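Morning, everyone. Have a look at the model while I talk.

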Amino acid sequence: MSHTTHVPHRRTVPDHRAAPAVPPRARRRPSSQQWAAWAFLTPVTLYLALFYAYPLYRNLDLSLRNYTVRSFVRGDAPFTGLANYRTVFDDPTFAPALVHTVVFTAVCLFFQYAIGLALAVFFNQHFRLSATLRALFLVPWLLPLIVSASTWSWMLNSDSGVVNAALHAVGIDPVNWLTSPSWSLTSVIIANIWIGVPFNLVVLYSGLQSIPAGLYEAAALDGAGPWRRFWSITFPLLRPVSAITLLLGLVYTLKVFDIIWIMTRGGPADSSTTFATWSYQLGFGNLLPAFGPGAAVGNLLVVAALVFGLVYVRAQRKQALT
């Protein structure tokens with residue numbers, strides 16, 4: 001007698017532990033890190049909007065309308081388009097102010113960078129009292145600008161200044177530094193160079209610290225002298241730091257106002273007037289202020305700084321791709 005073994009049928013029990021299907025368009029909730037990122041960005045965004053974007057917008061609006069003192073208070077100035085810019089370009093002060101701005105910026109940038117780089121290389125030797133002397137060179141940068149400008153005004157005074165006293169001691173005739181149209185721009189350039197050198201010194205000295213000392217040792221073993229090591233190692237490796245130093249110096253020098261205004265007030269006979277001082281004179285230096293033309297001159301400075309900033313960004317991108 002044969003026995004047949006019956007195998008019972010097993011029912012498939014669904015696994016309820018499997019994860020439910022997620023809809024393809026389900027929105028993800030922001031994580032705690034995203035919320036933290038937005039929390040940190042919000043104050044910065046508000047700061048930039050209130051203190052940068054809104055003033056730029058108001059300055060642009062001023063330059064496109066015919067504002068008077070009455071319309072400035074009431075806010076009903078008529079729209080004039082580019083009329084204020086045409087007024088600025090047709091003004092006889094425009095050409096001298098443009099030349100003075102270019103000369104002032106170029107000469108200050110060149111000497112501030114050259115002197116700052118020379119001092120940075122000098123202090124990079126790490127000799128005794130190096131730190132103390134570096135700290136002393138920071139004094140012009142730490143002083144308030146009104147103090148620095150007033151000090152230079154006293155030093156360059158035609159009658160009682162120490163500079164003319166030193167020139168007289170060596171047999172040179174006194175120079176009317178602040179009252180002569182031939183010397184007023186030179187005077188404010190000298191003062192601004194003195195103020196800007198410490199910034200270049202600090203930034204360039206920090207850049208020198210990132211250059212490996214082994215490169216100089218290898219170059220010295222190959223017979224390279226100090227000048228050869230500078231032009232082949234120091235200067236090329238400092239290019240990124242030099243670029244940002246010159247850019248920041250350019251933006252700062254374009255808008256220099258207090259040094260010039262305290263020392264010469266843009267005179268005599270507009271011989272030291274730049275766009276920064278001219279913009280102030282138009283907007284606030286007269287009994288009947290010209291808000292529109294003054295804002296237009298200020299916008300020209302903004303455009304110039306923006307153009308150089310874009311050139312720097314483009315150069316950095318090209319350097320990163322190579």
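Start with the lining of the largest pocket: 10 nonpolar residues, 4 polar and 1 charged. Keep in mind that this is a predicted model.

How much space lies in the largest pocket? About 430 Å³. The lining counts 15 residues, and the closest to the centre are Asn59, Lys255, Gly298, Leu301 and Val302. Which elements give two or more residues to that lining? They are α12, residues 239–254, α14, residues 275–284, and α15, residues 291–321. The largest share comes from α15, with 7 residues.

On to the second largest pocket. Its volume is about 310 Å³. Among the residues lining this pocket are Val121, Asn124, Gln125 and His126. Leu208, Ala213 and Tyr216 also line it. So do Pro226, Trp227, Arg229, Phe230 and Thr234. Two helices, α10 at 213–221 and α11 at 226–237, each supply at least two lining residues. α11 gives the most, 5 residues. By class, the lining of the second largest pocket has 7 nonpolar, 4 polar and 1 charged.

Last item, the serine. Ser148 sits in helix α7, which covers residues 145–155. Is Ser148 buried or exposed? Buried, because its relative accessibility is 1%, and the cut-off for buried is under 20%. What does Ser148 touch, leaving out residues up to four places away in sequence? Its contacts there are Pro140, Leu143, Trp194 and Ile195.

That's my part. Over to you.

Note on methods. Residues numbered from 1 in each chain as written. Predicted model: local features only at pLDDT ≥ 70, side-chain atom pairs only at ≥ 80, totals over all residues. Heavy atoms only, no water. Helix = DSSP H or I, 4+ residues; strand = E, 2+ residues; numbered from the N terminus. Buried < 20%, exposed > 50% of the residue type's maximum accessible area, 1.4 Å probe, protein only. Contact = heavy atoms within 4.5 Å. 1 Å grid on protein atoms, 1.4 Å probe; cavity = no way out; pocket = protein on both sides within 12 Å on 5 of 7 lines; lining within 4 Å. Points joined across faces, edges and corners; volume = space filled by probe spheres on them. Nonpolar A, V, L, I, M, F, W, Y, C, P; charged D, E, K, R; others polar.
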